[in-house]
Structures are given as C-alpha cells and as structure tokens.
Amino acid sequence: MTTFDSTPASNHRSHPRRLVIMISGRGSNMQALVSAIADRGLDAQVVAVVSDKSQAPGLLWARSQGLETRVLESAGYVTREEYDQALATLIESFDPDYVLLAGFMRILSDGFVQQFAGRLVNIHPSLLPAFPGLRTHEQAIACGVQWHGCTVHFVTPVLDGGPIIAQAVVPVLADDTSNSLAQRVLVAEHRLYADVLGWLTAGRVHLSPEGRVTVEADTLRAYVLPAGHAQSIQ
Ligand code: GRF
C-alpha cells in the first residue's frame with residue numbers, strides 16, 4: 001500500500017508552484033493546464049514538459065509557448081526500472097511541486113510512483129474505478145453505460161487506482177461512436193484538470209497518510225457536463 005507523508009499533497013510549497021507536465025502525444029490536456037495558469041491567474045509555472053516520444057505533437061506547441069521541453073525515449077534502456085530511474089532523475093532536476101501526467105502513455109514502475117507519491121497526478125478518461133487501462137470509450141459503449149467521464153487522481157502503483165481528486169460526468173448518447181464520446185469526454189477533461197490544478201496550486205487539496213483526499217472550502221468534486229455544453233466546445 002502506498003502511504004503519503006504530507007498534507008497538503010505537496011510538501012514542497014514553492015511559490016509559484018513548480019509543475020512538470022508529462023506527455024506522449026497530442027498534448028491537449030497540457031494545453032488546457034497551461035491556459036488555465038494564464039487565464040485563471042494560477043500561482044504556478046510549468047518548469048518543464050517531458051515526453052517519452054520525440055515526435056509527440058504536443059512538444060511543438062510547448063516549444064511555441066517558450067516552455068522548457070525534454071525528451072527521454074526508452075530505447076537503449078534495458079529494463080523499465082532503469083528507464084524510470086533516469087526519468088525520475090530528469091524530473092527531480094526541475095524540483096517540481098507537482099508532476100502532472102497528461103496523456104503520458106507509459107506504465108510507471110513502483111519505485112517511480114513511490115518517489116513522487118503525493119506529487120504525481122493523472123487524468124484518466126473514465127469514471128474510475130470503471131474502465132481502467134486503454135480503450136475506455138469503446139468499453140463504455142460496449143457495456144451500455146449511460147454515463148461516462150473522466151477522473152483526476154493521485155497516482156499509486158495500482159494502474160489507474162490511486163486516490164480520486166475529482167470526476168466529471170458526461171452522458172453517453174444513443175448514436176455515440178467511440179470518437180464522438182471521446183470528444184465529449186475530452187472537453188470535460190480539459191475543464192476538470194484545470195479546476196483541479198487551481199485547487200492544487202491554492203494548497204486546498206489534502207491527502208491523508210491512508211490516501212483519502214479532501215479539498216478545502218466545500219469544493220464540488222464532481223459535476224455533470226450536459227452533451228450540448230460539451231459539443232459546443234472544440
Ligand atoms: C486523454 O484522453 C487522457 O485522458 C488520456 O490520453 C488522452 C491524451 O490526450 N490518458 P491529450 O494528449 O491530452 O490530447
């Protein structure tokens with residue numbers, strides 16, 4: 001069991017909060033986080049965007065914004081642990097308060113997760129604990145669920161199993177394909193991750209040693225985005 005040794009979730013508490021964002025692909029969640037810092041005036045700065053893929057399209061956007069980027073590909077590392085150790089060293093060199101996984105598509109080893117316990121946050125495109133892993137939208141349609149959505153959670157060694165910070169819910173429509181559903185969920189992801197970042201940077205998220213999350217000031221930690229709302233945003 002992962003134990004968390006600090007409350008608020010990060011014990012580093014620098015101002016502005018130092019964020020490392022990790023991506024593997026498109027990076028739309030990264031964009032939402034970066035935009036939230038500017039648009040909402042959050043007390044945070046992205047000190048690095050780290051990718052395991054040199055061709056990740058999100059890197060181009062990050063560079064265009066003047067953000068520091070680093071690529072660490074796994075080729076050349078014999079074991080997952082070896083790669084993750086190099087990754088941890090790279091990330092620690094930026095002294096982050098939080099490490100935000102935003103479409104980072106590698107399973108992280110236990111050692112890595114333990115090292116960043118309480119600082120490592122992920123967004124997953126389902127209402128956990130339903131549909132951990134990949135192809136969540138296909139699974140939602142195949143199961144006939146009427147509600148789907150996304151979850152922001154602290155990361156533990158259990159895949160997509162860490163303490164839940166917040167969830168956003170969207171309806172599944174009768175004529176949905178996995179693509180249309182993914183698009184609706186993605187809109188919710190961008191809003192949810194930005195909201196959670198706001199709470200984190202304000203020091204309002206607390207994590208007990210047992211892994212229970214509380215958010216100060218009666219924050220609503222779940223909401224429903226109606227289909228019309230989601231479809232109106234690209
Ligand atoms: C998102 O749906 C995220 O939840 C999942 O992978 C997708 C990444 O999209 N883990 P993007 O790279 O943030 O656009």
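Axes here are lines fitted to C-alpha atoms, for helices over the stretch in contact, and angles run from 0 to 180 degrees between N-to-C directions. Helices (H or I, at least four residues) and strands (E, at least two) are DSSP runs, numbered from the N terminus. The model is predicted: local features need pLDDT of at least 70, side-chain atom pairs count only at pLDDT 80 or more, and totals for chains, interfaces and linings use all residues. Residues are numbered from 1 along each chain as its sequence is written, and side-chain values use heavy atoms, with hydrogens and water left out.

**View A. Helix α5 against helix α6.** The axes of α5 (residues 136–143) and α6 (residues 178–201) come within 9 Å and cross at roughly 115°. That makes α5 roughly perpendicular to α6 (under 35 degrees is roughly parallel, over 145 roughly antiparallel, 65 to 115 roughly perpendicular, the rest oblique). The crossing is right-handed (near helix turned clockwise from the far one by less than a right angle; anticlockwise is left-handed). From α5, His-137, Glu-138, Ala-140 and Ile-141 make the contact; from α6, Ser-178, Leu-181, Ala-182 and Val-185 do. Contact means heavy atoms within 4.5 Å. Five of these residues are nonpolar, two polar and one charged (Ala, Val, Leu, Ile, Met, Phe, Trp, Tyr, Cys and Pro are nonpolar; Asp, Glu, Lys and Arg charged; the others, Gly among them, polar).

**View B. Helix α1 against helix α6.** The α1 (residues 28–39) and α6 axes come within 9 Å and cross at roughly 40°. That makes α1 oblique to α6. This crossing is right-handed. Ser-28, Asn-29, Ala-32, Leu-33, Ala-36 and Ile-37 of α1 meet Leu-186, Glu-189, His-190, Tyr-193, Ala-194 and Leu-197 of α6. The contact has eight nonpolar, three polar and one charged residues.

**View C. The largest nonpolar core.** This core has 47 residues; Ile-21, Leu-100 and Ile-165 touch the most other members. Helix α6 gives the largest share, 10 residues. A nonpolar core is a set of buried Ala, Val, Leu, Ile, Met, Phe, Trp, Tyr and Cys residues joined through side-chain atoms within 4.5 Å. Buried means under 20% relative accessible area, exposed over 50%, partly exposed in between (1.4 Å probe, protein chains only). Apart from this core lies another, of 21 residues, among them Val-50, Leu-87, Leu-90 and Phe-116.

**View D. Pro-16 before strand β1.** Pro-16 is found in the segment before β1 (17–23). Its relative accessible area is 30%, so Pro-16 is partly exposed. Pro-16 and Asp-43 are 27 residues apart in sequence, yet 4.8 Å apart in space, C-alpha to C-alpha.
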